[in-house]
Amino acid sequence: MTDTTVQTSASGRPLADPSKPLVQVKDLEVTFKTGTGDVHAVRGVSFDIYPGETVAIVGESGSGKSTTATALIKLLAGNGRISGGKVLVEGKDITGYSERQMASVRGGVIGYVPQDPMSNLNPVWSVGFQVREAIRANGVASGRKDIQAKAIEVLQQAGLADAERRMEQYPHQFSGGMRQRVLIGIGLGADPKLLIADEPTSALDVTVQKVILDHLESLTRELNTALLLITHDLGLAAERASKLIVMHRGRIVESGDSLEILQHPQHPYTKQLIAAAPSLASRRIHSSTGAAVTEGVDAIDMLKLAVKHEDTEAVIEAAPVMVSVKDLRKTYSIRRGGFKSEPLHAVDGISFEIHKGTTLALVGESGSGKSTAARLVLGLEPPTEGEIVVGGQNMAGASAKQLFDLRRRMQVVFQDPYASLDPQRSIGAIIAEPLKVHGVGDRVSRHARVEELLEQVALPTELAHRYPNELSGGQRQRVAIARALALKPEVVVLDEAVSALDVLVQAQILQLLADLQEELGLTYLFITHDLAVVRVVADAVAVMEQGKIVEAGPTDEIFENAQQPYTQRLLDAIPGAGIEFGN
Amino acid sequence: MLMYVVRRLLQAIPVFLGTTFLIYFMVFSMPGDPIIALFGDKTPNPAVLAAIREQYNLDEPFIVQYFLYLQNLVTGNLGVTFSGQEVVDVLSRAFPVTLKLVAMAVVIEFILAVVIGLISGLRKGGIIDNANLVTALVLSSVPPFVALFVAQYFIGIKLGWAPVTVGANATWGSMLLPAIVIALTIYVTGMRLMRGSVIEAQSADYVRTAAAKGLTARRIIPVHVARNSLIPVVTNTAASFGALIAGTTVTEGIFNIPGVGKVLYDAILRGENATVVSFVTILTILYVIVNILVDLLYAVLDPRIRYV
């Protein structure tokens, strides 16, 4: 723990008494006023944060973890308020503070790094302006030159090596990872005693995520800043925090030493979360239908029921090739001002085959070309070069009619279940639409098919008359899957289909996909950036980097014996990779 | 940037040709013979008629007349009015007057839209907001000419606070009343845009981040809320600038302002093709330039927009 002989932190600030808590939260309650009455988002939460310590709050969306964090600096959304309890910052209760008083707590005492790097910087001001503003407001430096020097310093500390040169650039000229560094720089700019980091890396690629978290960790240690990490990712929390708080429906269900909790969870909810978190140690999920499944078995047991098939590879080889892609290329021309343009090779000569009834995972970071490849396979965009054969039909020479028929055999599920369903149409109408487009059946038979599909994805049939906004994220993704299955396709492209979901829901959807694959003999092309998920769903993996497939092979082989440094880097970046989870 | 301006100006050429042709054609097809109308009730001597027709090229077929006109236009010769004045002279007297009027109206409109929209947006749902929305609804449903007459009658005649008519010597002060009235009839759109953007900006993530830095409302509201909300308001105001210049006929008629609208109106009544077409041509060019300026201004306000 903290070395008591050190009297000052690297920033020169005298160390706070490590035995006195920096922040004490006592019976905190937060209420949101909504059209349908009050919602109690946080119900009696208590915890302490000591100087220099790293605490993580873990939970799924809606657990109240972010609300708790924003309540500490009283930045709740307009309809929310602290309805009970105390928040003591250095011994003083801030719940009664005015906005003016809060301004002196925010930034200087408690810094905040928000979740989404895309929307948290003001697009009309330069990055330097926004950092300088934070420094000036907290009186860390004064005078134009000092402020500028300090701004450059914090940005460099946050990992922007060329900060000096990029100070006057605007946020849109930075990548997501770079913007997140800017936000970390802003959060640490005023030397706060506590830094709240609300899902600071969930919008970023794993490799970038690792770099940023490493940086955050060493910085907070160097400056002796306490860190409150809000995350849905158990592995990440365990790896970074010494203390873990697990929240569920506005309450703390378990808290304590993080490794202790992960290895010996006490509360059933924590056990569930740990079981559902896909990790490198997981094995391929297989259909649970063959095993004796009783009613009410939760995800955790289903995963345990999954048996590893020893002869998987032989089965794969024997199955006919369903999708075959040869030397696929897609080149876009990017405008470079005036009449100049330069080519961007989004997909640069990739080849792969997927056998019937198996899953190929296409993995890579953003910009690696994996989603473009999916769009090409779906025929949503014409390839620049190369051949795509799906179920014996070559897409290049196909007539409009043949393409239309091919679409019937090939369906897609997208990442964002909130954006991929038309909010104006009922669930029934959404699922029936592909049937209508392809002229399958009449009104009555389509209605029956919709009910059948809802049952297939384990949703109550009454949902047919409801609208997307009445459903949860997981339910919506089930609807999207039902829609994809409506036409009894042979191939389903899953474009980051579980990336937006909480771990528990994710585990359920992955199980559903495995069941459907076994039942209907589906072939999946699974596009994802999440290698932990790949481990549990895919039979084979193809790793993409800059439009090329750098490594491909059976999942187990790649995970156990990656040949390419890039693949190894992706594997190493998975949070909590080295931690053994208990149950 | 320069490439963009050049391209936009090149695009203006077909617009210019199209509008002049259309206007020329429409004025040409108006009923009545302007030359005969010049003589009033008298029956003119056919030889005199023919001479005048030849002087104005009215004896040529339509398309020839148009090209002769274009040829003159390009060389800077806009022709003469029936009363013998150079159209260029008439234009150079009328345009500054209208520009003054419109500039005043636009500045007042912008200030009203931004200030009222900001206050209203910050106090969403409050008494001030509701009072403002009702006022805006009333003001925007009054036809401009009614508002102008009412203002002229009460403020100009009854109270005597402002000149009733402007006349030949159009000073800034004498045109203040019509400018305010115009602004009041058009500020509502901009105000609503501002109000909407302010409400949206207040719940924006970057505004929360600004608060989390420890900034006070005194800094957050102007720098992060108002500044970002200005973008649509500026565009709206700048666009109305072009429309107003072309649309001042009613205002200038009521307040007897010797601007573009009034000259154009008189010229149409007299069937002076050259004057009408020249005025409309200048208006078109001005409109195109204003629009280019609006687009460039947009890039200044929003750094994400870069024209290449």
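A salt bridge is a side-chain nitrogen of Lys or Arg within 4 Å of a carboxyl oxygen of Asp or Glu. With that in hand, start with a cluster in chain A: A:Lys210, A:Asp214, A:Glu217, A:Arg221, A:Glu239 and A:Arg240 are joined in a network of salt bridges. Over all chains, the structure holds 29 salt bridges.

Some ground rules come next. This is a predicted model, in which local features need pLDDT of at least 70 and side-chain atom pairs count only at pLDDT 80 or more, while totals for chains, interfaces and linings use all residues. Residues are numbered from 1 along each chain as its sequence is written, chains are lettered from A and ligands numbered from 1 in the order in which they are written, and side-chain values use heavy atoms, with hydrogens and water left out.

**The two chains**

Chain A has 21 helices and 20 strands; helices (H or I, at least four residues) and strands (E, at least two) are DSSP runs, numbered from the N terminus. Of its 583 residues, 52% are buried, where buried means under 20% relative accessible area, exposed over 50%, and partly exposed in between (1.4 Å probe, protein chains only). A contact means heavy atoms within 4.5 Å. Among contacts in chain A with a separation of 6 or more, 70% come from residues 24 or more positions apart.

Chain B has 13 helices and zero strands, and its C-alpha atoms fill a box of roughly 85 × 55 × 30 Å along the principal axes. Buried residues make up 42% of the 308 residues in chain B. When contacts in chain B between residues at least 6 apart in sequence are counted, 75% of them join residues at least 24 apart.

Chain B averages 83, and 96% of the residues score at least 70. Within chain B, helix H2 (residues 34–38) has the lowest confidence, at a mean of 68, and helix H9 (residues 205–212) the highest, at 93. Where pLDDT is low, the predicted coordinates should not be read in detail. For the complex, the predictor gives an ipTM of 0.77 and a pTM of 0.76.

Side chains of opposite charge can pair when their charged atoms come close. Here are a few such pairs, with the N to O distance for each.

| Residue | Partner | Distance |
|---|---|---|
| A:Arg329 | A:Asp348 | 3.0 Å |
| A:Glu381 | A:Arg375 | 2.8 Å |
| A:Glu490 | A:Arg409 | 2.9 Å |
| B:Arg219 | A:Glu133 | 3.0 Å |

Take the salt bridge between A:Arg329 and A:Asp348. This pair links distant parts of chain A, with A:Arg329 in strand E11 (residues 321–335) and A:Asp348 in strand E12 (residues 341–355), 19 residues apart. A:Arg329 is partly exposed at 28% relative accessibility, whereas A:Asp348 is buried at 16%.

A:Glu490 sits in the loop between helix H17 (473–485) and strand E17 (491–495) of chain A, and A:Arg409 in helix H14 (residues 400–409), so the pair ties together parts that are 81 residues apart in sequence. A:Glu490 is partly exposed at 24%, and A:Arg409 is partly exposed at 26%.

**Where the chains meet**

The size of an interface is often given as the accessible area lost when the parts come together. Here, chain B and chain A bury about 2400 Å² between them, 60% of it on carbon and sulfur atoms; buried area is the accessible area (1.4 Å probe) that two parts lose on being put together, summed over both. The contact takes 22 residues from chain B and 31 residues from chain A.

Two salt bridges run between chain B and chain A, and one of them pairs B:Arg219 with A:Glu133. On the side of chain B that touches chain A, the elements giving two or more residues are helix H1 (2–28), H9 and helix H10 (217–246).

Let's finish on one residue in H9 of chain B, B:Thr209. Is B:Thr209 buried or exposed? At 3% relative accessibility, B:Thr209 counts as buried. Leaving out residues up to four places away in sequence, B:Thr209 touches A:Pro114, A:Asn120 and A:Leu183.

How values were computed
pLDDT is the predictor's confidence in each residue, from 0 to 100.
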